[in-house]
Amino acid sequence: MPLRKFCAHPGCNKVIDITETYCAKHKTTKAQRDKEYDAKYRDRKAKAFYNSKAWQMARQRALTLDDHIDVYLYMTEKRIVKASKVHHIIEYREEPSKGLDINNLISVSEETHEKTIKQMYANEETKRQLQEQLRKAIKQYRENKA
């Protein structure tokens with residue numbers, strides 16, 4: 001008899017094979033979740049912006065200017081970590097005119113973006129403090145390079 005377990009979806013008590021994570025009802029692919037999110041929640045203007053050639057070029061310029069390292073970690077902890085994201089210090093949805101401003105862009109790692117920036121941007125006071133810290137870090141980093 002094969003080993004069985006419960007579906008990992010909260011509140012679901014369907015018994016499934018041990019090699020599965022979710023039952024058939026709760027098993028969706030990332031593509032399906034993304035499609036649903038796009039249809040119901042995503043800001044169409046922002047999506048068009050992030051898919052634009054201008055954004056791709058600005059993003060690449062920021063990464064190159066920042067040597068593809070997480071500037072926030074480098075300036076705060078003196079650690080060198082590869083950057084995979086370019087973050088808008090003042091968010092695009094707040095001020096679209098700064099969307100391509102290189103002085104509003106900072107290269108960060110996935111970890112920094114998820115754990116530090118998203119958490120601190122949740123509260124308006126900590127958001128403003130972090131924005132100022134990010135502005136100083138990027139200015140100092142880029143000035144010291146020159």
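Is Cys-7 buried or exposed? I looked this up first, and Cys-7 is buried, with a relative accessible area of 5%. For my own use I noted the terms: buried means under 20% relative accessible area, exposed over 50%, and partly exposed in between, with a 1.4 Å probe and protein chains only.

**Ground rules**

I am working with a predicted model, where local features need pLDDT of at least 70, side-chain atom pairs count only at pLDDT 80 or more, and totals for chains, interfaces and linings use all residues. Residues are numbered from 1 along each chain as its sequence is written, and side-chain values use heavy atoms, with hydrogens and water left out.

**Entry: the cysteines**

I counted disulfides next, taking one as a pair of cysteine sulfur atoms within 2.5 Å. The structure holds 0 of them. For Cys-7, the nearest cysteine sulfur is that of Cys-23, 3.8 Å away. Cys-23 is in no disulfide either, and Cys-23 is buried, with a relative accessible area of 4%.

**Entry: helix H6**

I followed H6 from end to end and found 22 residues reaching 32 Å from the first C-alpha to the last. That is close to the 32 Å expected at 1.5 Å a residue, where the expected span is 1.5 Å times one less than the number of residues.

Which residues of H6 are buried? I listed Lys-127, Leu-130, Gln-131, Leu-134, Ala-137, Ile-138, Tyr-141 and Arg-142. Seen down the axis of H6, these buried residues fall within an arc of 135 degrees, so they line one face of the helix. The arc is that of the directions from the helix axis to the C-beta atoms. I reminded myself that an α-helix has 3.6 residues a turn, so residues three or four places apart point the same way. On the other side of H6, I found Glu-125, Lys-136, Lys-139 and Asn-144 exposed.

I then checked what covers the buried residues of H6, and the list includes helix H3 (53-65), H4, S3, S4 and H5. Contact here means heavy atoms within 4.5 Å. At the start of H6, a side-chain oxygen of Asn-123 comes to within 2.7 Å of the backbone nitrogen of Glu-125. Such a polar contact is a pair of N or O atoms within 3.5 Å; within protein, one must be able to donate a hydrogen and the other to accept it, and residues adjacent in sequence count only if both atoms are side-chain atoms.

**Entry: the nonpolar cores**

A nonpolar core is a set of buried Ala, Val, Leu, Ile, Met, Phe, Trp, Tyr and Cys residues joined through side-chain atoms within 4.5 Å. The largest has 15 residues, and Ile-106 and Leu-134 touch the most other members. H4, S4 and H6 are the elements that give two or more residues to this core, and H6 gives the most, with 5 residues. Apart from this core lies another, of 11 residues, among them Trp-55, Ala-83, Val-86 and Ile-102.

Ile-89 sits in the loop between S3 and S4, yet Ile-89 is buried, with a relative accessible area of 0%. Not counting residues up to four places away in sequence, Ile-89 touches, among others, Asn-103, Gln-131, Arg-135 and Ile-138.

**Entry: helix H5**

In H5 (residues 110-120), I found Thr-112, His-113 and Ile-117 buried. Down the axis of H5 they fall within an arc of 90 degrees, so they line one face of the helix. Lys-115 and Gln-119 are exposed on the face turned away from the buried side. His-113 counts as buried at 14% relative accessibility, and beyond neighbours within four places in sequence its contacts are Lys-85, His-87, Val-108 and Lys-118.

**Entry: two positive phi values**

Where is His-68 found? His-68 is in the loop between H3 and H4, with phi near 55 degrees, and is partly exposed at 32% relative accessible area. Lys-78 lies in the loop between H4 and S3 and has a positive phi of about 60 degrees although it is not a glycine. At 58% relative accessibility, Lys-78 counts as exposed.

Definitions and conventions. Helices (H or I, at least four residues) and strands (E, at least two) are DSSP runs, numbered from the N terminus.
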